[in-house]
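Please read them alongside the sequence and the coordinates.

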Amino acid sequence: MPASSPGYARPWVVLLHGMARSSASMIPLARDLRRAGYRIRNLGYPTRSHDIPGLVERYVRPAVQSCGERSAVHVVTHSLGGILIRYYLQAAALPSGSRIVMLAPPNHGSEVADYVRDWPLYRWLMGQVGQQLGTGPDSILNQLRPIHAEIGVIAARRSLQPWFSPLFAGENDGAVSVASTRLAEMRDFIVVDSSHTLLMFRPEVRRQIRHFLAHGRFLH
């Protein structure tokens, strides 16, 4: 169970889903963490409607700040969600004791986003944010400064989209390369046999998330 005392409320966990998904994709994980004793804020946001700064200001910032500062506010993200919390923490901080677990974050961009960015269907489905996830030096992702937080990254290496395999030079999950998920400031890192889309549903991954939130490291 998360630590609590008379002056310390139970920790929060804010869940941030990925692009073109919804909070429903994080429900099994939310149930796990609620049973583990955390208070949960499973945030939904419309990824088509805004760019990264707009999503952070309209959705992420209010959700995180509404948790208050009397307890840790952990954050667990999938894909785009990891970029949103990094952007938020460029000018903010989480309460003491907070930790972040990122699932398959495109921290240095996605080769798939580079390839499909001009496709009309992709532009319609993914909106402005879909144009911000490339790997180029002018990408907003490559302009973010390191963040001060205890971060664990879980990457995936199984693709359900083999037609995109030639776009990658190394291991990947069909949307993001394993190399792109890494951050210099991360505390721990693991790679699992999963696809990008299904990563948060795997029992092994959910167990690793619980362990990192409790101990600041993964089970190796």
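1. Which residues make a nonpolar surface patch of about 340 Å²? In this predicted model, the patch is formed by Leu121, Trp124 and Leu125.

2. Trp124, one of the patch residues, belongs to helix α5, which spans residues 120–126. Its relative accessible area is 54%. The cut-off for exposed is over 50%, so Trp124 counts as exposed.

3. Helix α5 also has a part in the largest pocket, where its four lining residues are the biggest contribution from any element. The pocket holds about 540 Å³ of space. Its lining comprises 24 residues, and those closest to the centre are Met19, Val112, Tyr122, Met126 and Ala175.

4. A separate point concerns Ser79. This residue sits in the loop that runs between strand β3 (73–78) and helix α3 (80–88). Is Ser79 buried or exposed? The relative accessibility of Ser79 is 10%. Buried means under 20%, so Ser79 falls in the buried class.

5. Which residues does Ser79 touch, once its neighbours within four places in sequence are left aside? The contacts of Ser79 are Gly18, the run Leu103, Ala104, Pro105 and Pro106, and also His196.

Technical notes
Residues are numbered from 1 along each chain as its sequence is written. This is a predicted model: local features need pLDDT of at least 70, side-chain atom pairs count only at pLDDT 80 or more; totals for chains, interfaces and linings use all residues. Side-chain values use heavy atoms; hydrogens and water are left out. Helices (H or I, at least four residues) and strands (E, at least two) are DSSP runs, numbered from the N terminus. Buried means under 20% relative accessible area, exposed over 50%, partly exposed in between (1.4 Å probe, protein chains only). Contact means heavy atoms within 4.5 Å. Patches are made of residues with over 30% relative accessible area and no salt bridge: like charges are joined within 9 Å, nonpolar side chains (Val, Leu, Ile, Met, Phe, Trp, Tyr) within 5 Å. Accessible areas come from the Shrake-Rupley method with a 1.4 Å probe; for residues, only the protein chains shown count as cover. A salt bridge is a side-chain nitrogen of Lys or Arg within 4 Å of a carboxyl oxygen of Asp or Glu. On a 1 Å grid over the protein atoms alone, a cavity is a set of points where a 1.4 Å probe fits but cannot get out, and a pocket is an open set with protein on both sides within 12 Å along at least five of seven lines; lining residues have an atom within 4 Å of a point. Grid points are joined across faces, edges and corners, and a volume is the space filled by probe spheres set on the points.
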